[in-house]
Amino acid sequence: MFEQQTLIAESEVCAEAEVRALEGLLQPLSVAPVAPANAGFQLPARVWQIMLSCYGIFFFAIFLATGGSTAARFAIVVSVLYTAMYFGVARLGARQAGREETSPLDCGGKLPTWTGPMDRKAVFAQVLVVPATVSLFGVGILIIVLAVGPGV
């Protein structure tokens, strides 16, 4: 019923070829993984400094414009904390990816974008237009309050 079958190798196994094949399979395991490059936002640090300065000017001007209103100043402090959380969490998340590459704008080049390369002036204008406008809005409110007087 059961026949004993013997398998005979048709050719002799070359041990050296088998070892080389196994080394080829195991080679990637012995090499440390290389972290991918972190392009990040590629914005110069100066852009972030100016942006945070604009928001600081806005909050300071609004703080001065509210006079002595405790409720208004409390709301401003809460807004400052929300802004700090917004930028802080984004900063922590960006740091998880590791050090960013140097910005091409710092090297005299242009920043590659979806719509094409942008020079330093265009990048600064597009990124800082909203923070600068918010800053001017706060200063404008302060000027109006100083001109008209608080509580009028």
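This report looks at the helices of a predicted model and at one residue, Ile141.

Numbering starts from 1 along each chain as its sequence is written. Since the model is predicted, local features need pLDDT of at least 70 and side-chain atom pairs count only at pLDDT 80 or more, while totals for chains, interfaces and linings use all residues; side-chain values use heavy atoms, with hydrogens and water left out.

The protein has four helices and zero strands (DSSP runs numbered from the N terminus: H or I of at least four residues for helices, E of at least two for strands). Of its 152 residues, 17% are buried (under 20% relative accessible area; exposed is over 50%, partly exposed in between, with a 1.4 Å probe and protein chains only).

| Helix | Residues |
|---|---|
| H2 | 45–65 |
| H3 | 70–96 |
| H4 | 120–148 |

How do H2 and H3 sit relative to each other? Their axes come within 10 Å and cross at roughly 170°, with axes fitted to C-alpha atoms over the stretch in contact and angles run from 0 to 180 degrees between N-to-C directions. H2 and H3 are therefore roughly antiparallel (over 145 degrees). On the H2 side, the residues in contact (heavy atoms within 4.5 Å) include Tyr55, Phe59 and Ile62, and on the H3 side they include Ile76, Val80 and Phe87.

Over in H4 there's Ile141, partly exposed at 26% relative accessible area. Leaving aside residues up to four places away in sequence, Ile141 touches Ile62 and Ala65. Ile141 and Ile62 are 79 residues apart along the chain, yet their C-alpha atoms are separated by 7.1 Å.

Conventions:
Angles under 35 degrees count as roughly parallel, over 145 as roughly antiparallel, 65 to 115 as roughly perpendicular and the rest as oblique.
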